[in-house]
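Biologist: Could you take me through one part of this model in close detail, and then show me how its surroundings fit in?

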Amino acid sequence: MICTVYSVNGKILHVDLTNNKIWVEKYGNDLLELFVGSRGLQARLYWDLVSPKASALSNDNVLFVGSGTFTGTPLPSSGRTTVTFKSPATNMYFKASVGGDFGLKLKLNGYDIIAVHGASERPVYVYIENDHIDIIPAEKYWGLDIRTAHVELIKRHGLGADTLLIGPAGEKLVKYASINCSVYNVAARGGGGAVLGYKKLKGIVVGRGSRSVILYNPREFYEKSLKVIFSIMRDDALVATAKFGTASATMGLDKTSTLPCYNFRKSFWENAYRNAGEYYVEAGYLVGRVGCAQCIVSCHRHTKTEKYGGVDTVGPEYETSNALGGNIGNSDTDALIKLNDLANIYGLDTISLGGVIGWVMESYEKGYLKNLKEELGVEPSWGNVDATIKLIEDITFRKGTGDLLAEGLAVVCNKINPETCKWALQSRGLEHSRVETRIARAYALAFALNPRGPDHLHTETFAEFGFTEDAKKLIKRLTGSEENAGVGKDVGRPEIVVWHEDIYAVTDSVGLCAFIDTAGFAVNEAILSELFESATGIKSSSDMIMKSGERIVTLERMIQVREGRSRRDDTLPWRILNEEITTREGKTYTLTEATLNSMLDRYFELRGWDLEKGIPTPSKLRELKLEFTVEEALKHLSRP
Amino acid sequence: MFNLKLKILEAPHLEGCRRLSSMISINPGLCTGCHLCELVCSTYHFSKSSTELSRVIVYKDKASAKFTPTLCVSCPGMPCAKACPTGAIIKDDRTGMPIVLVEKCSSCGECVKECPYNAIRFEPSVYAYPLICDLCNGDPQCVNVCWPGALTRATTLTEKFKGAAEARSIIVKIVSKYTR
């Protein structure tokens, strides 16, 4: 066998559900060198295959699932999968990154990326085992929750297979329905579940796979991987994540008053510890740890409670702990585990779900949605778990008011009363992630620019907090001074965001977990470039790696420019920009539009994009070898 | 994909870890199901990476978040060697582990059926012969990378067999749950 590409298979599997057609497309090192892997390659494919006029819920939307370039190698924590599609929530390009084993199995079956075109008339699922690919009727799995469907499908296809599935929420086209890999690993944001639901695709099952990942220089890569393993074991932030999960962040955020509670009206909470990873261990909820493919950090939690009829599930993560905890005034940890499990098996994004329920509770308190009490049988007041459970069921199955709530905050608040949009924590159709962006300013800038919407898992600027020595060192390297680490500071935020955006794009593309290089710091751009070179044989350096990151970020911006985005969309929810927030020390913070704008100016200057419109300039595009986008940029730049 | 003449990677030892006859102990409760042991095992032995080319086998019930690795614990009497019709499995005197003589092996799979710990991997579509743990010449790579602690160096035989028995009971449960 002659290998023309290393570390990847060089194969894209296309499945057309409308015409029942399957074909394989090959690609080579030229594309890999420019776009690195899954996220970058999928953005490039998206540019060619998804027209800017295509509606998210139509036959024209194409959904891509891809494994990272390092997935399937002995490099730790690099088993992440990227899902790319046009989002029904934002009606724009969207990418979500997910853990689990799906990407690993996909790669061992001989493919890097699956592109799902068109839509089926009847429920189906796709089965992939090496060269054998089948579109199989899925009537008997349609309607099943994700856990049950997974067990049934594994029974059918054998242990060692893995699934990517949607739940009832995706089938009912809920705008924040998730796609779950390996049952509990969730590509949650943006409503990818609804895209599959529209396609009538219950999911994709990959068999054991009999291919191997061939590395260009296996010995060198192996030795470097072992070094990364030891760096991970020595990293303070990653040790904490391994011990207490992502929810170990809760107390740090509470201390720095960046823990949004009661729908972003409070930035700290007396009951925060009930939502903290340390508490799950201390109070005996933790049964064990769960790792994504290749990940020795294993931050996922296996939890159990006897209450609520007995729950045995995986999670909750930090975002869920806050979204369905402090955000809705819920300090009952047993209830939190139950709510998390419901979202898991129905296939709902807990961040958006929490955003919607928080809005419902605040609206009810302020005298709106009065009929809900009668409809739910209980008052949707702060911390009311029974009301929350009922709301989750109603949203998933689109019953009563739940049918409207399933459309997401951007639609709902305008329908109920435009006044309520002031506490609808969303912008561009996506509900805000769980961090106080009025105080954490790098997050604020990153959220405003993020192609997804106000969300953390695209540009996690966790180093901004300066929780560890490594984080402070990074901030010094990016901004010139350690003093710039910490919350409530504006200085150097654009520089922090640019670096994080670039490295994040590469991290996602190679399949590495962003916690390894932006929350912990076991890997940096120099190590990434060495690994990339020994894995693929493509010449690389730190600068080239960061350039590739910039290329991917710029291409994603151009895709959205083509879909109608410009600088006026780089904004944050109303409450964030118009109301002040008080810290636990009694200090008040406001993030005005003027502050955000001055950060944006500096950001566009650093990027070399047009200041007024936020569109990449033709010279920048040519420099990044994105010539195919120049025409589109000129068209939008010349518009008044 | 058959590849009978596989190049064996020269063992990149970690300093201070060389010890022949080191034993591995399994602690199933600590396994997080990450597969890294498998990928490291396959890269170390075959210079290429696949879970199906590994001598460690990870069993997973993802729906219940239950995982365990299993591997050869060189049980007394060597039932695999007894089951082998061609006498292809012999004991490696240095490590005490069974080794498969590929020139004698007929790929019949009898050893797999007899192994009490489900610890022999035999995937004919990936590799023509059974794969059994060889302790990496005394420096088990899987143990070096298993941070969660599911695979550790055993100090006593009792500990080793207790862990393997625990792993076996979990595997039986997983297999029966996912078999129709």
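Biologist: Which residue takes a positive phi just after α1(B)?

Modeller: That residue is B:S47, with a phi of about 60 degrees. Happy to go through the setting with you. This is a predicted model, where local features need pLDDT of at least 70 and side-chain atom pairs count only at pLDDT 80 or more, while totals for chains, interfaces and linings use all residues. Residues are numbered from 1 along each chain as its sequence is written, chains are lettered from A and ligands numbered from 1 in the order in which they are written, and side-chain values use heavy atoms, with hydrogens and water left out.

Let us start with the helix itself.

Chain B as a whole has 5 helices and 7 strands, which are DSSP runs numbered from the N terminus (H or I of at least four residues for helices, E of at least two for strands). From the N terminus on, their order is β-α-β-β-β-α-β-β-α-α-β-α. Of the 180 residues in chain B, 59% are buried. Among its contacts (heavy atoms within 4.5 Å) with a separation of 6 or more, 68% are between residues 24 or more positions apart.

The buried residues of α22(A) pack against α7 (218-234), and against α1 (29-35), α19 (469-479), α20 (493-510), α21 (514-519) and α23 (542-562) of chain A. Those buried residues include A:L528, A:L531 and A:F532. The 12 residues of α22(A), 525-536, should span 16 Å at 1.5 Å a residue, and the end C-alpha atoms are 16 Å apart, so the two agree; the expected span is 1.5 Å times one less than the number of residues.

Now back to backbone angles. Most residues other than glycine have a negative phi, and most peptide bonds are trans. A:S257 has a positive phi of about 55 degrees, and A:S298 has a positive phi near 50 degrees. A:S257 sits in the loop between α9 and α10, and A:S298 in the loop between β14 (286-290) and β15 (300-305). A:S257 counts as buried because its relative accessible area is 0%, and A:S298 is buried with a relative accessible area of 0% as well. A:S267 is in the loop between α9 (249-255) and α10 (277-282) and is in contact with A:S257, as well as with residues including A:L253, A:E436 and A:I581. At 0% relative accessibility, A:S267 is buried. As for peptide bonds, the one from A:G315 to A:P316 is cis, with omega near 0 degrees, and A:P316 is placed in the loop between β16 (311-314) and α11 (318-323) of chain A.

Conventions
Buried < 20%, exposed > 50% of the residue type's maximum accessible area, 1.4 Å probe, protein only. Lists of a residue's contacts leave out its neighbours within four places in sequence.
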